[in-house]
Amino acid sequence: MSNIVENLNWRYATKQFDATKKISDTDLSTLKEAVRLSASSYGLQPYKVIIVENPALREELKAAAWGQTQITDASHLFIFANDLNLDTASVDKYISNISETRGVPVDALGGFSDMMKGVITNLSAEAKHIWTAKQTYLALGNLLNAAAELKIDATPMEGFNAAKFNEILGFDKLGLNASVIATVGYRHDEDTTQHYKKVRKSNEELFITL
Ligand SMILES: Cc1cc2nc3c(=O)[nH]c(=O)nc-3n(C[C@H](O)[C@H](O)[C@H](O)COP(=O)(O)O)c2cc1C
């Protein structure tokens with residue numbers, strides 16, 4: 001079996017973390033790099049990723065996440081927050097990044113810039129919210145896969161009150177919205193979930209080859 005499949009079978013949505021175990025700085029850097037390298041529409045990365053270590057803040061967030069203990073017991077909490085204010089200035093910033101990174105004059109990127117600006121300015125606030133939130137799930141996927149490769153446990157989570165998270169984290173003022181979160185760390189020996197068999201659709205049920 002390939003390493004990828006082995007790792008994906010090894011990982012599971014951890015219910016109980018060992019609160020005494022912390023991930024190393026090196027592993028944290030690798031996880032951050034996996035998130036940073038995520039694909040996104042046009043490459044705009046319309047989100048911020050907040051990593052919460054502060055125990056008091058995590059206690060507060062746990063109360064807004066139906067008391068799920070992963071929030072406080074995991075080593076780190078990642079919050080993927082989509083950008084509600086994605087605008088033409090965001091595109092300009094991205095264009096200057098491309099220009100500097102690839103040594104291309106900004107003028108040569110005018111067509112690409114105008115196209116992105118056209119798309120963004122035509123989106124309603126709701127459509128923009130949905131579109132930017134979708135991008136965060138790709139970053140989440142990269143985090144889960146990278147964690148599995150490092151044999152670090154992770155739990156993707158939507159079971160939280162986004163409005164309360166936004167309030168606690170001051171996201172409202174920043175034009176951000178807590179879209180999805182993930183806790184990373186090490187499974188507790190007593191987490192019985194780790195022994196559950198994976199439940200997935202069969203190939204026949206899942207795939208259609210045309
Ligand atoms: C977007 C998303 C949200 C999830 N929310 C939660 C959650 O709030 N709490 C939790 O314990 N598990 C959560 N899960 C975990 C799923 O229940 C789990 O991934 C699924 O049952 C498949 O099991 P496995 O990941 O262990 O293979 C979530 C998973 C995803 C992808």
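A polar side-chain atom of Q70 lies 3.4 Å from an oxygen atom of the ligand. That pair is a polar contact, meaning two N or O atoms within 3.5 Å; within protein, one must be able to donate a hydrogen and the other to accept it, and residues adjacent in sequence count only if both atoms are side-chain atoms. This is a predicted model, in which local features need pLDDT of at least 70, side-chain atom pairs count only at pLDDT 80 or more, and totals for chains, interfaces and linings use all residues. Residues are numbered from 1 along each chain as its sequence is written, and side-chain values use heavy atoms, with hydrogens and water left out.

**Around the ligand**

| Residue | Atom of the residue | Atom of the ligand | Distance |
|---|---|---|---|
| Q70 | polar side-chain atom | oxygen | 3.4 Å |
| E158 | backbone N or O | nitrogen | 2.9 Å |
| K198 | side-chain N or O | oxygen | 2.6 Å |

Taken alone, the ligand exposes 620 Å², and the protein buries 65% of that. Such areas come from the Shrake-Rupley method with a 1.4 Å probe; for residues, only the protein chains shown count as cover.

The ligand is surrounded by 13 residues. The closest are R11, A13, K15, K198 and R200. By class, this shell has five nonpolar, three polar and five charged residues. Here Ala, Val, Leu, Ile, Met, Phe, Trp, Tyr, Cys and Pro count as nonpolar, Asp, Glu, Lys and Arg as charged, and the others, Gly among them, as polar.

Now back to Q70. Q70 is in helix α4, residues 70-73. Helices (H or I, at least four residues) and strands (E, at least two) are DSSP runs, numbered from the N terminus. Q70 counts as buried because its relative accessibility is 3%. Buried means under 20% relative accessible area, exposed over 50%, and partly exposed in between (1.4 Å probe, protein chains only). A polar atom of the Q70 side chain also lies 3.1 Å from the backbone oxygen of T14.

**The chain and its core**

The chain has ten helices and four strands. From the N terminus on, the order is α-α-β-α-α-β-α-α-α-β-α-α-β-α. Of its 210 residues, 40% are buried. The C-alpha atoms fill a box of roughly 60 × 45 × 35 Å, taken along the principal axes.

The largest nonpolar core holds 19 residues. Such a core is a set of buried Ala, Val, Leu, Ile, Met, Phe, Trp, Tyr and Cys residues joined through side-chain atoms within 4.5 Å. L31, F78, F80, L143 and V184 touch the most other members. α2 (25-36), β2 (76-83), α7 (125-149) and β4 (176-185) each supply at least two residues. α7 gives the most, with six. In soluble globular proteins, nonpolar side chains tend to be buried together.

Take L31, found in helix α2. L31 counts as buried because its relative accessible area is 0%. G141 sits in helix α7. With a relative accessible area of 24%, G141 is partly exposed.

**A record for this chain**

UniProt, in an unreviewed entry, places the feature "domain: Nitroreductase" at residues 9-186. UniProt positions use the numbering here, feature names are shortened, and annotations may be inferred rather than shown by experiment. The span is 51% helix and 16% strand, and its end C-alpha atoms lie 16 Å apart.

Note on methods: A residue is near a molecule or strand if one of its heavy atoms lies within 4 Å of it.
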